[in-house]
Amino acid sequence: MAELFTDPGNDAVVRLPPRNFPGVLIQGDSLSIIRADIAEIVEACGQGDVGGAREAAAILLSNFDELLARYTAALKAHDIPIPFYQAP
């Protein structure tokens, strides 16, 4: 049975058996938005629009930083070790 470590939102932290560490469940519509954001970066790069690509990439990175912070907070709240190196 799956274990839920956050509220069941668009990016729930869930552990599936037999995994040792939880993962992040991303809803299909949110996954589609991420894909569109990446496509925007690729398109901007293809057009030589470095500034536009950098801006879109910065927004995407910020969103992933928030997601990673939610993930690590959920693990810490449940006394689960973080399965990757975190810079101090």
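What percentage of the 88 residues of the chain count as buried? The figure is 24%. Keep in mind as you look around that this is a predicted model.

**Stop 1: the whole chain**

Start by colouring the cartoon by secondary structure. Walking from the N terminus, the order of elements is β-β-β-α-α. The radius of gyration of the chain is 16 Å, well over the 12 Å that the globule rule gives for 88 residues, so the chain is more spread out than a compact globule. If you draw a box around the C-alpha atoms along the principal axes, its sides come to roughly 45 × 35 × 20 Å.

**Stop 2: R15 and E3**

Now turn to the salt bridges, of which the structure holds three. Select R15 and E3 and show their side chains: they meet in a salt bridge, with 2.8 Å from N to O. What does this pair tie together? R15 belongs to strand 2 and E3 to strand 1 (residues 3-4), so the contact links parts that are 12 residues apart in sequence. The two partners also have their own burial classes: R15 is buried, with a relative accessible area of 18%, while E3 is partly exposed, at 36%.

**Stop 3: R70 and its partners**

Next, select R70 together with D7. Their side chains form a salt bridge, again given from N to O, at 2.8 Å. D7 sits in the loop between strand 1 and strand 2, and R70 in helix 2 (residues 50-77), so this pair ties together parts that are 63 residues apart in sequence. D7 counts as partly exposed because its relative accessibility is 48%. R70 also falls in the partly exposed class, at 24% relative accessibility.

The side chains of R70 and D11 meet in a salt bridge of 2.9 Å, N to O. Here R70 in helix 2 is paired with D11 in strand 2, so the parts tied together are 59 residues apart in sequence. Through shared partners, the salt bridges join D7, D11 and R70 into one network. For D11, the relative accessibility is 25%, so D11 counts as partly exposed.

**Stop 4**

Is P17 buried or exposed? With 52% relative accessibility, P17 counts as exposed.

**Stop 5: a charged patch**

To place one of them in the fold, click on E40, which lies in helix 1 (residues 28-46). E40 counts as partly exposed because its relative accessibility is 46%.

Conventions:
Residues numbered from 1 in each chain as written. Predicted model: local features only at pLDDT ≥ 70, side-chain atom pairs only at ≥ 80, totals over all residues. Heavy atoms only, no water. Helix = DSSP H or I, 4+ residues; strand = E, 2+ residues; numbered from the N terminus. Buried < 20%, exposed > 50% of the residue type's maximum accessible area, 1.4 Å probe, protein only. Rg over C-alpha atoms; globule rule 2.2 N^0.38 Å. Salt bridge = Lys/Arg side-chain N within 4 Å of Asp/Glu carboxyl O.
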